[in-house]
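Biologist: Please bring up the model so that we can go through the ligand site.

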Amino acid sequence: MENKRIAESELIINSRGAVYHLDVRPEELAHTIITVGDPDRVPTVTKHFDKIEHKSQHREFVTHTGYIGNKRLSVVSTGIGTDNIDIVLNELDALVNIDFQTRLVKDQLTSLQVIRLGTSGALQDSIPVDSFVVSSHGLGLDNLMAYYAFENTTAEKQLLEAFRGQVALQPGGANPCLFAAGEDLRQRFTDGFHTGITVTCPGFYAPQGRMLRGPLSNPNLIDNLTGFSYEGHRITNFEMETSAIYGMGCVLGHQCLSISAIVANRIRQEFTKDGAAAVEALIQKGLGIIAGL
Ligand code: R1P
Ligand code: URA
């Protein structure tokens, strides 16, 4: 592809020389990045840092960059949903792979490590609240990735095909997509973690089978997801960002992993008694591994 100068309207750089939504300059970003949904979760992660060298906030995007020992890390809040992940992953990529002076893609590309520390609802009876799930795959029921060109691996295609065969989605609804986790990262998070396919939904209520007053077009969604099985793979949990992080990682060449604290079990119909404690436990366990990456 021709390396054409990227216009001011396409990559927006503010008067500080920072990328538009994140308000972060290239030198303010580490190459290992923890994403969290809740902006207030950023300081709950970086309170464990030995040193914080940069803090910025624009809209729901809070960024802290600092160190645990010699390991430089950035923590970035994404807000909720895959539409926000489109913004965050593109801007993180631009910060390392586009020269902000020339507006050209760099000759030497950088592959970031992106690790989501989030919350989620379990879809298996055997995955209790307050436990942790590592997403082997993100299976998107939103439509973000339909806007990008990408090639799935054969293994991803087979798993997606099995999903299409076993799980009936509402007519006219989602066109599912599926992406695997960054394998090197995933292998670092095994002891004390459940592992499975994470379904990423375009909402918290009906898109996750929750009915308050709005009736469901697909009342069998949870049962069908829980019952899915293919060559040892099963669906462990629901949330709202993972498939987009993995999909954008595939498109842009970054290593991505999503880890969730289970705050709800949808089969047992239970909710954690202390969500903050569950997230704090995930942060402490996660940072213990991330600091050594
Ligand atoms: C919904 O409550 C939010 O919680 C989960 C979902 O993915 C969604 O963003 O993750 P976070 O706790 O990381 O935001
Ligand atoms: N986040 C979600 O998206 N769903 C849940 O059930 C819990 C957290």
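**Contacts and surroundings of ligand 1**

Modeller: In this predicted model, a backbone N or O atom of Met 240 is 2.9 Å from an oxygen atom of ligand 1.

Biologist: How far from an oxygen atom of ligand 1 is the polar side-chain atom of Glu 241?

Modeller: Met 240 makes its contact through a backbone atom. For Glu 241 the atom is a polar side-chain one, and its distance from an oxygen atom of ligand 1 is 2.5 Å.

Biologist: Which strand gives the largest share of the shell around ligand 1?

Modeller: The residues around ligand 1 include Arg 116, Gly 118 and Thr 119. By class, the shell has three nonpolar, three polar and four charged residues. Its largest share is three residues, and they come from strand β5, residues 113–122.

Biologist: Is Phe 204 buried, partly exposed or exposed?

Modeller: Phe 204 is one of the residues around ligand 1, and lies in the loop between β8 (194–200) and α5 (221–227). Its relative accessible area is 37%. Buried means under 20% and exposed means over 50%, so Phe 204 is partly exposed.

Biologist: Which residues make the nonpolar surface patch of about 330 Å²?

Modeller: A patch residue needs over 30% relative accessible area, and Phe 204 has 37%. The patch is made by Phe 204, Tyr 205 and Leu 212.

Conventions
Residues numbered from 1 in each chain as written. Chains lettered and ligands numbered in written order. Predicted model: local features only at pLDDT ≥ 70, side-chain atom pairs only at ≥ 80, totals over all residues. Heavy atoms only, no water. Patch = residues over 30% accessible without salt bridge, like charges linked within 9 Å, V, L, I, M, F, W, Y side chains within 5 Å. Areas by Shrake-Rupley, 256 points an atom, 1.4 Å probe, with all protein chains shown as cover. Salt bridge = Lys/Arg side-chain N within 4 Å of Asp/Glu carboxyl O. Helix = DSSP H or I, 4+ residues; strand = E, 2+ residues; numbered from the N terminus. Buried < 20%, exposed > 50% of the residue type's maximum accessible area, 1.4 Å probe, protein only. Near = heavy atom within 4 Å. Polar contact = N/O pair within 3.5 Å; in protein donor to acceptor, adjacent residues only side chain to side chain. Nonpolar A, V, L, I, M, F, W, Y, C, P; charged D, E, K, R; others polar.
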